[in-house]
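This report goes through packing, charge pairs and ring pairs in turn. Please keep the sequence and the coordinates open beside it.

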Amino acid sequence: MKVKINKCICYDTTFKEMISIMIKNNLKSIDELRNIKPVSLNCKLCLPYINKMIETGKTEFNETLN
Ligand code: FES
C-alpha cells in the first residue's frame with residue numbers, strides 16, 4: 001500500500017505549515033520550531049520526515065507499507 005506522508009498527525013500540523021513557520025521566523029532546527037509550534041512530541045513517527053524536510057525542503061514523502 002502506498003501512502004503519502006505530509007503531516008504530524010498527533011499535532012495535526014502539515015509539513016507545509018511547519019516549513020512556512022520556519023522560513024518566516026528564520027528557524028534552523030526542530031527545537032526552534034517547537035518553541036513556536038509544538039510538533040512531533042508524541043509518537044514521533046513524523047520525526048524522520050521532519051528532519052528530511054529541514055534538510056531538503058520537501059513537504060511530502062511517499063512510502064510503501066506492506
Ligand atoms: S505523528 Fe508527529 S508526534 Fe505523532
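Contact here means heavy atoms within 4.5 Å. The model is predicted: local features need pLDDT of at least 70, side-chain atom pairs count only at pLDDT 80 or more, and totals for chains, interfaces and linings use all residues. Residues are numbered from 1 along each chain as its sequence is written, and side-chain values use heavy atoms, with hydrogens and water left out.

Arg34 sits in helix H2. Helices (H or I, at least four residues) and strands (E, at least two) are DSSP runs, numbered from the N terminus. Leaving aside neighbours within four places in sequence, Arg34 is in contact with Val39, Ser40, Leu41, Lys44 and Leu47. The Arg34 side chain reaches the backbone oxygen of Val39 at 3.1 Å. A polar atom of that side chain also lies 2.8 Å from the backbone oxygen of Ser40.

## Nonpolar core

A nonpolar core is a set of buried Ala, Val, Leu, Ile, Met, Phe, Trp, Tyr and Cys residues joined through side-chain atoms within 4.5 Å. Buried means under 20% relative accessible area, exposed over 50%, and partly exposed in between (1.4 Å probe, protein chains only). The largest core has 16 residues; Phe15, Met18, Leu33, Ile50, Met53 and Phe61 touch the most other members. Helices H1 (15–24), H2 (30–36) and H3 (47–56) are the elements that give it two or more residues. H1 provides the largest share, 5 residues.

Ile50 belongs to helix H3. Its relative accessible area is 0%, so Ile50 is buried. Which residues does Ile50 touch, not counting those up to four places away in sequence? They are Phe15, Met18, Ile30, Val39 and Ser40. Ile50 and Ile30 are 20 residues apart in sequence, yet their C-alpha atoms are 7.8 Å apart.

## Two sides of H1

The buried residues in H1 are Phe15, Met18, Ile19, Ile21 and Met22. Because they cover an arc of only 160° around the axis, they are on the same side of H1. That arc is taken from the directions from the helix axis to the C-beta atoms. The cover over these buried residues includes E1, strand E2 (7–8), strand E3 (13–14), H2, H3 and E4.

The face turned away from the buried side carries the exposed residues Lys16, Ile23 and Lys24. After H1 comes Asn26, with a positive phi near 55°.

## Salt bridges

There are 3 salt bridges in the structure. Each is a side-chain nitrogen of Lys or Arg within 4 Å of a carboxyl oxygen of Asp or Glu. Glu60 and Lys4 meet at 3.8 Å, N to O. This pair links distant parts of the chain: Glu60 is in the loop between H3 and strand E4 (61–64), Lys4 is in strand E1 (residues 2–5), and they are 56 residues apart. Glu60 is partly exposed at 34% relative accessible area, while Lys4 is exposed at 52%.

Lys7 and Asp12 meet at 2.6 Å, N to O. Lys7 is partly exposed at 29%; Asp12 is exposed at 54%. Arg34 and Asp31 meet at 3.5 Å, N to O. These two are 3 residues apart in helix H2, so about one helical turn separates them.

## Aromatic cluster

Rings of Phe, Tyr and Trp (its six-membered ring) pair if their centres lie within 6.5 Å; planes under 30 degrees apart count as stacked, over 60 as edge-to-face and the rest as tilted. The whole structure holds 2 aromatic pairs. Phe15 and Phe61 have ring centres 6.0 Å apart and planes at 70°, so this pair is edge-to-face. Phe15 lies in helix H1 and Phe61 in strand E4, so the pair ties together parts 46 residues apart in sequence. Phe15 is buried at 0% relative accessibility, and Phe61 is buried at 5%.

Tyr49 and Phe61 form a tilted pair, 5.5 Å centre to centre with 50° between the planes. Tyr49 lies in helix H3 and Phe61 in strand E4, so parts 12 residues apart in sequence are tied together. Tyr49 and Phe61 are both buried. Ring pairs link Phe15, Tyr49 and Phe61 into a cluster.

Definitions and conventions: Polar contact = N/O pair within 3.5 Å; in protein donor to acceptor, adjacent residues only side chain to side chain.
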